[in-house]
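Dear colleague,

I am passing on the structure below, together with some notes on what turned up when I went through it. Please read the notes with the coordinates open beside them.

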Amino acid sequence: MDRMLGLQRRRSGEVARKRLKLLLVMDKTGCSPELLEMLKSDICHAISKYLEVDSGKMEVGIRKTSFCGSEDTIPALYAYIPIYSLIYKGMLS
């Protein structure tokens with residue numbers, strides 16, 4: 001039904017547009033998808049010491065952003081990390 005209404009096309013187009021933007025930014029910064037996966041893994045490992053996170057829904061990427069109100073844009077690392085709970089593991093006495 002969604003396909004007949006054209007919803008499937010719009011969604012796949014948005015996904016393709018998002019991927020293309022990510023690839024263009026990664027190309028300009030020299031950051032490969034493999035490097036992003038390694039960063040994601042390392043960030044998840046470090047944060048997991050203190051927080052219970054959903055690594056399956058975690059997103060790490062690079063976006064272009066303005067710096068200090070300047071008109072110039074620079075690449076910036078962003079992370080979306082769903083948190084379930086804090087892990088205290090002896091942090092509090």
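Which pattern does the chain follow when it is read along the sequence? The chain runs α-α-α-β-β-β-β, and its secondary structure comes to 3 helices and 4 strands. Please keep in mind throughout that this is a predicted model.

For the chain as a whole, 16% of its 93 residues count as buried, and the accessible surface comes to about 7800 Å², with 56% of that belonging to carbon and sulfur atoms.

Among the helices I looked at helix 3, which covers residues 33-47 and reaches 21 Å from its first C-alpha to its last, close to the 21 Å expected at 1.5 Å a residue. Its buried residues are Leu36, Lys40 and Cys44; seen down the helix axis, these fall within an arc of 70°, so they line one face of helix 3. The face turned away from that buried side carries the exposed residues Glu34, Met38, Asp42 and His45.

Turning to the strands and the loop between two of them, aspartate 54 lies between strand 1 (51-53) and strand 2 (59-66). Is aspartate 54 buried or exposed? Its relative accessibility is 13%, and because the cut-off for buried is under 20%, aspartate 54 counts as buried. Once its neighbours within four places in sequence are left aside, aspartate 54 is in contact with Pro82 and Tyr84, while the C-alpha atoms of aspartate 54 and isoleucine 83, 29 residues apart in sequence, are 6.5 Å apart in space.

Isoleucine 74, by comparison, is found in strand 3 (residues 73-80) and counts as partly exposed, at 34% relative accessibility. Which residues does isoleucine 74 contact, leaving aside its neighbours within four places in sequence? They are Arg63, Lys64, Thr65 and Phe67. Between isoleucine 74 and isoleucine 62, which are 12 residues apart along the chain, the C-alpha separation is 9.8 Å.

Finally, on the aromatic side chains, a search of the whole structure finds 0 aromatic pairs. A ring does, however, take part in another arrangement, in that the charged end of arginine 63 sits over the ring of tyrosine 78, at 3.8 Å from the ring centre.

Notes. Residues are numbered from 1 along each chain as its sequence is written. This is a predicted model: local features need pLDDT of at least 70, side-chain atom pairs count only at pLDDT 80 or more; totals for chains, interfaces and linings use all residues. Side-chain values use heavy atoms; hydrogens and water are left out. Helices (H or I, at least four residues) and strands (E, at least two) are DSSP runs, numbered from the N terminus. Buried means under 20% relative accessible area, exposed over 50%, partly exposed in between (1.4 Å probe, protein chains only). Contact means heavy atoms within 4.5 Å. Rings of Phe, Tyr and Trp (its six-membered ring) pair if their centres lie within 6.5 Å; planes under 30 degrees apart count as stacked, over 60 as edge-to-face and the rest as tilted. A charge sits over a ring if NZ of Lys or CZ of Arg is within 6 Å of the ring centre and within 35 degrees of the ring normal. Accessible areas come from the Shrake-Rupley method with a 1.4 Å probe; for residues, only the protein chains shown count as cover. The expected span of a helix is 1.5 Å times one less than its number of residues. The arc is that of the directions from the helix axis to the C-beta atoms.
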